[in-house]
Amino acid sequence: MNKNEFLENRLNVNRRHFMGKMAAGIGSVALGSLLVPDLFKGAGDDSEELPLGIAHFAPKAKRVIYLFQNGAPSQYESFEYKPLLNKMAGEELPASIRMGQRLTGMTANQAKFPLVGSYFKFAQHGQSGMWMSELFPNIANIADDLCMIKTMNTEAINHDPALTFMQTGAQQGNRPSMGSWVSYGLGSENKNLPAFSVLLSRGRGNGQGVYSKLWSNGFLDSTHQGVVFSSGEDPILYLNNPANADRASHRKMLDNLAELNSIAFDDFGDPEIKAKVQQYEMAYRMQTAVPELTDLSKEPDHIVKMYGPECLVPGTFAANCLLARKLSEAGVRFVQLYHQGWDQHGNMVGEMPLQAKDTDRASAALITDLKQRGLLDETLVIWGGEFGRTNYGQGNSTKDNYGRDHHPRAYCTFMAGGGVKPGTVYGQTDDFGYNIVRDPVHINDFHATVMHLMGINHEKLTYKHLGRRYRLTDLAGKVLPGLIA
Amino acid sequence: MFRFQTLLSYLLVGFHVLLLFLLIFQEKVMLPAWLQPVGRMHPMVLHLPIGLLVIVGLFWLFKREFAGESFEKLMKFVLGITALSAAVAALMGFFLSREEGYTADVLSWHKYTGIGLSFLCYGLWALYQTPQEQRLFTPLLGVSAVAMFVTGHFGASLTHGEDYLFPNAASQLAFTDDTPVFEAAIQPILKAKCYQCHNEQKTKGELLMTTLSGLLKGGKNGPIWVAGDALKSHLIQRANLPLEDKKHMPPKGKAQLEADEIGVLTAWINAGANTKQTVGQLAVNDPIRAFLNKEKSAETQVATYDFEPASTETIEKLNNPFRVIFPMANGSPALQTDFFVRQAYKQEQLGELSEIKEQLVVLNLSNMPVKNEDLKTIGQFEQLEKLVLNNTDITDAALSNLQALTKLKSLSLSGTKQTKAGMAALAKLPALKEVFIWNTPISEADAKELQKQYPAIRFEMGYVPTDAEKLKLNPPVLVNENLVLTNATPVSFKHPLKGVTIRYTTDGTLPDSLTASAYQKPFALNGYTVVKARAVKDKWYASDIVEYTFFKGGYRPKTVELLNEPNPQYMGEGGGTLVNFKKGEANDFKNKAWLGYREKPLEALFVFDKPTPVKSTMLSIGRNIGGYIFPPASIEVWAGNDRTQLQLMQKLSPVQPTKEESPRIEAIEMKLKEGRYTFIKVIARPVGKLPEWHGGKGQPAWVFVDEVFFN
C-alpha cells in the first residue's frame, strides 16, 4: 500500500453512502426516501440476500475430496472401453468423426492420425457392469459405488488453461478456486483447520506442474485461500513453539498483536488485516488440532494394507489420501489433492501402469474408508483430470507402445458418495470415443452440480468485484439432475 | 304452476313404481343397450339431489327468516325437483349397476340405500303437501340427510376404492432390503392406477388386480403378463397404446401411468416378473432401484421439521472452536453439532447441549473420549437422527442408554469396543436403518447373524483384510543423511510399518529375505562399503532392494588446490568440494557436489597441515554412460613432503564399460607406500575418444568426481 491508498481509504464513502447519509439530513431527499424506502440503497447484492457461511438448502454433501489427476489421464487406458479402436488400429481417424476440430501444436503437423487401441485389457465389474481397465483393479472393485461420467468436456486444449478452468471456472487465472468459493459460501466446519486444504504428490510418469494460482482465493478474502500441506514428514511445518516459549506466553503475544492489528485496521480499514488476525488464531489452534491428524495410533494396523504400504511414506498419493480422509473426517470442507505425472504423449504402455499403481489402491481405499465410517453419504469424492487424450497416436505409435495427445471434447471423471447416483454411467461418446453422443457434462455444469450437492445455488453465490458480480460458474452452468441420487 | 305440480306428482309415482318393479324383478330384467349411456350419467346426476337436499335442509333450518306464502310455494317446488332428481339418479344408478365390474356387498348396499333415499325424498315431498302432518317433516328430513351420507359413502367407495378416504398410511413406501420388489414397487403402482376398476367390488374385464392370484390368473383376455417379455404382455401393451385407443389402460380420464412407472413395470416383467425377489437382490443400477430411491428421496426431501428453531443467542453461546453448532441449511430449525480436537473435549460440554435438545438432529463425537455414562446425556436428545461415535471409548453397556432415540436412523460405531452382544440394544430403536461396525470386535460371521436378526438395519462391515491378498512392502528408509561416515557414525535404518524386519548385507551380495542379517540396531562400517537392504514381514511380499554406498572419511586435508579448472558448467564449490564429505547423486550431476572435467584432466593437490600417515586414497566417481560420463582413462596418485618433488605412488587404468548401463557412483581405491605425507596429488584423465559402440563415438568423455577420501 502506498500513501495514496491510505488517503483513499479515508474517502471510502461512495456516492450511494454519501447520498444515503445526506438523506437523513436534507428534507426533500428525506421525503423521497420515505416514499420510496429503497431509493438510495442501490441495487441489492445477491450475496447479501442469502447469508454466507450456511448452505442455501439442505446439502447432500457436506465436504469434498477432489483427487485431481494432473496431466490428463488417458480415458482409453482407464475407464472408456472402445474396442473399435483396437479393431481399426493403424487406420486413419475418419474425417467425419474429426470434423476438422482443433488440435494442439504437438500433433497439428502430423501427416496421419492413426487410431490406437488400448494395450490394456478391459472387463466389466460390479452389478452395474461398468467397464474398467486391468490397470485399476481396486477401483473396479468399488464400481457400484461410483458415478462415472464419460462426457466431461472443456474449452481449453493445453494444460495450464485447462487446469485453471477446471479449478476456477475460467481459463485466465484471476478467479477464486472451487475450494475457495466453497469456503466463502459455507464457511469452515472445523475452525481449527483451514477450510480449503491442498495436498501435492508426484508420480513417475511425464508430469505437468501445479501452481499456487490453482488454489488461489482470487478476489475473495485470503482466509479462503487453499493451504498447501508439506510433503515431508510433518505436513505442517513450524507447528511447535520454539524452545523456552510456552503456550501461555504465546497466547499473550497473540492477544497483544491482535490489539495492535485492530488499531491498524481502524486506521487503514484493510480487510486483509482482519484476515491476518484470524489466521494467527487458527494457527494457534492448529497446534492442538494437527497432532491428532498425523497420529495414526487410532488407526488399526490393517489400514496400511487397505491404502497400501506407500501410505506411510510422506508425500505419496497414498499418504495424501489417508491424510485427506483424516482432514475430511475432521470437518475440512474442501480437500484438494493433485497427483502429477499423467501426461502420456509417449510411452503410454510404460508410464500408465506406474501412474495407475500409485493411485488405484489408495483412491479405492479412501472411498471404502469413508463408507465404513458412515461418512461417504456426506462426502463427495471426485477423481479426474483437466481433459482427455486423443484416440489417435502421437508420433510413431505402434500397437505395443504409443502416446496420445490432448483431447478436450470428451473425457472421464468419476464421483462417489455425497449424493451422486452410485453404480451409474452418465453420458455416452461415439464408438471412437471422440465426440459426445448423449448427455454432455461441461465444466460449468459440473461445477454447478457440485455446488448444488453442497447445498449452494450456484447462481446465488456471488462476489462483487470490479463493478460486477462474479460466481464460480460465472454466466453459464446448469445443475444436472441425472448425476444426483 | 299447478299443472307442473300435477305433472310432477305423476312422474314421481311412475318413477317410484318403476324403481320398485326393477328392484323386485332385477334378476329377470334385461336392459336394452341404448340405456347404457343413460346409466353412465349416474355419477353426474347424483350430485343434483345431494345439493337440492342440502338446500331443503337449509331452508327448513332458517324458515323463520323466509316465513310467508311464497316460502311454502318455494319449498314445495324445491322438494318436488329434489324428489324427482333423486328418483332419476336412482334409476340411472340401477341401469349402471347392471354393467359388469361391480360386485359384492358395497354395490348392493349402495343400491338399496340409494333407492331408499329416493323414496324418502318422495315422502318428504308428499308430507309437505299436507300442512297438518308437518311435525313429522323434521325427523324425516334428518333421516334423509343420514341416508344421503351413507349412500354417498358407499358410492364413493365403489368408484374410488374402499380406502380412498382413510388410506392406510403405514403401507406406503415402507420397505427394506428384504421386502419383495413386487410389494415395494409393483403393487403401489397397480394400487394407485389400476385397483380403482379391478378390485373385488368392481372387477372390470374379469380382472382382479388386488390379489396376487388374481393378477396371475389374468382377465377375460388371459394372463396380463408374459414373464420375461414385457412387449408381449397385455399390461404393457395396453399402457403403451395411444390415449385415444379404446383399449388403452388406464382409460382416458383416469389417472395415467407415468413414464417411469411403465418403465418399472416393463423392467420387472422383463426380469421375469419374479414376485419373490427382494429389494436387496436388485442390482445397484437396476431401474427399479433407482425408481424406489427416487420415491424414497422425494419422501425424505419433503421431510421438514416442525419444531421451533433454537434462538440465535443460544446457538452463539454454545458455539466454540471445539464444539460447532450449525443449522442444516438456511432457514432450517434442525441443528448439527460436531466436536473437534480430542484434547479439548470436556464431558460437561455434552450436557450443555440439552439447551438445544429439541433441535439437535445430528451429533458427531468422532474421536472424542466419550464414556458410557455420556450416552445417558445423549439418550435425552430425542430428535437425533444421526449419531457418530466412531473411535470413542464406549463399550457394549452404553447403547442401552439410547432407547429414547426413536428417530435415530444412522449410528456409527466404527473403531469402538462394541461386540455383537451390545447390538441387542438396537432392536429397540424403531427408525434405525444403518449401523457402521468396521474395526470393532464384531466378526464377519457375527455381522451376518446380526443382519439376519435385524433385517431392517444395514450393518456396514467395511474393509476386512484377508491373508490371501499379499502386498509388497515399501523398502527400508536410511536414517543417515550423509553417506560419508566420520568418527564411527553408525548406519541406521527404519521402516514406517510396525513388525517389519530389515535384512541387509555389507558384502555386495543380494540380501536373502530369510537368511541375511536382520537389522537390530545401528551398525558401524569399516571404510568403503556397499550396503544392500530389503524389508520383510510375514504375510507381505519382501520389498525391493535398496543399495547405499558408504565412504569413510579419515584424514582431511587442510586445503585443496585445483591445478586445472573444471568445466565452467560443473565447477561445484571449488576445490573444497572434493573434501566436504557431501556426496552427489548418480542421476543429478548438476548438483554442486560434483566437479566435471572434459577437455582437461582433473589435477588436484591436497595439502595436509602436517605429515600424515595416509595409506590409501579413494576417488568417488560418477558413471553415466548415456550422459558421456565414463570412468577416467587413467588415475595417478603422487605424494611427498615437498610440493615440487612428489613421487608417483600408483597409476591405474580403470576398466571401461562396454555397453549402456544405469547411472551409478563408483569408488576407486589407490594404495600409497607406507609413510607420512603433507602433499598428495591426484590426476584423473578423461577418456579422449568415446568407443565405437557408443552413440557419441569419437567425442571426448567426461569425468565427474564428488569426493576424494584419505585413510
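Predicted model: local features only at pLDDT ≥ 70, side-chain atom pairs only at ≥ 80, totals over all residues.

Mentor: Along its principal axes, the C-alpha trace of chain B spans about 160 × 65 × 50 Å. Buried residues come to 33% of the 711 in the chain. Now look at contacts in chain B with a separation of 6 or more: 66% of them join residues 24 or more positions apart.

Let's zoom in on a helix. Helix α8 of chain B runs over residues 137–160, and its 24 residues reach 34 Å from first C-alpha to last, close to the 34 Å expected. Several of its residues are buried, among them B:Leu141, B:Ser144, B:Met148 and B:Thr151. Here's a handy rule: an α-helix has 3.6 residues a turn, so residues three or four places apart point the same way.

Next, the strands. Five of them in chain B form an open sheet, in the order β9-β14-β13-β11-β12, with mixed pairing. At the edges sit β9 (484–485) and β12 (517–518), each pairing on one side only. Further in, β11 (501–505) and β13 (529–536) pair in the antiparallel sense over five bridges, and B:Thr505 stands opposite B:Lys532 in β13.

Finally, chain B has a neighbour: 41 of its residues are in contact with 45 residues of chain A. On the chain A side, α11 (271–294), α12 (302–307) and α14 (348–372) each give two or more residues. That side divides into 17 nonpolar, 16 polar and 12 charged residues.

Key:
Residues numbered from 1 in each chain as written. Chains lettered and ligands numbered in written order. Pairing = 2+ DSSP bridges. Helix = DSSP H or I, 4+ residues; strand = E, 2+ residues; numbered from the N terminus. Expected span 1.5 Å × (residues − 1). Buried ≥ 20, exposed ≤ 12 C-beta atoms within 10 Å, placed from the backbone. Contact = placed C-beta atoms within 7 Å. Nonpolar A, V, L, I, M, F, W, Y, C, P; charged D, E, K, R; others polar.
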